[in-house]
Amino acid sequence: MPLATTATRVADNTADPQNRRIREQTARCAADSSSADRAAIDQRLAALQREWDVERVIEVEAPLTILSGLLLGTLVDRRLLGISGFAAAMLLLHNLQGWYPLLPVLRRAGVRSSREIHEEARALRRARGDFADVPPSGSPEDRALGAYLAAGH
């Protein structure tokens, strides 16, 4: 079982139609927002900072399932402790390989990866003019520092 790369594991484990739909939706949102005034772009960027990505949803759902299994196993029937074991195993699988049982459901619901959210934010920052001060020439270190600072760091 090869280890998945962190940046692409969600998209790699999502069906092509869902990936395509999410990419199109992201591009549409970026295009719609980038033609707006600076205040609207700022509002959209703030909304993107609050948007939950797939990883965050899984990081909340899995422990809740594990705790629910422990509670049900303790109070109702010991066999329900298997829910906790299953959820923990699936969380481990997701962290190593990128697949998760709820991933298709989350992706169909439009929950994006952090990479997809950041791509929209980068397009909006570009439209807002944040990267205008990045030097087109100079040392690689100067250009990298300019891009880093322009990105809001």
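Start by selecting D42, which is partly exposed at 33% relative accessible area (buried means under 20%, exposed over 50%, partly exposed in between, with a 1.4 Å probe and protein chains only). R128 sits in helix α7 and D42 in helix α3, so the pair ties together parts 86 residues apart in sequence. Helices here are DSSP runs (H or I, at least four residues), numbered from the N terminus.

A word on the model: it is predicted, so local features need pLDDT of at least 70 and side-chain atom pairs pLDDT 80 or more, while totals for chains, interfaces and linings use all residues. Numbering runs from 1 along each chain as its sequence is written, and side-chain values use heavy atoms, leaving out hydrogens and water.

Next, pick R112 and E51, another salt bridge, at 2.7 Å between the closest N and O atoms. R112 is in the loop between α6 and α7, and E51 in the loop between α3 and α4, 61 residues away. R112 is buried at 4%, whereas E51 is partly exposed at 25%.

Now colour α7, residues 114-128. Its buried residues, including I117, A121 and L124, pack against α2 (16-34), α3 (38-50) and α6 (103-108) (contact means heavy atoms within 4.5 Å).

Methods
Helix = DSSP H or I, 4+ residues; strand = E, 2+ residues; numbered from the N terminus. Expected span 1.5 Å × (residues − 1). Salt bridge = Lys/Arg side-chain N within 4 Å of Asp/Glu carboxyl O.
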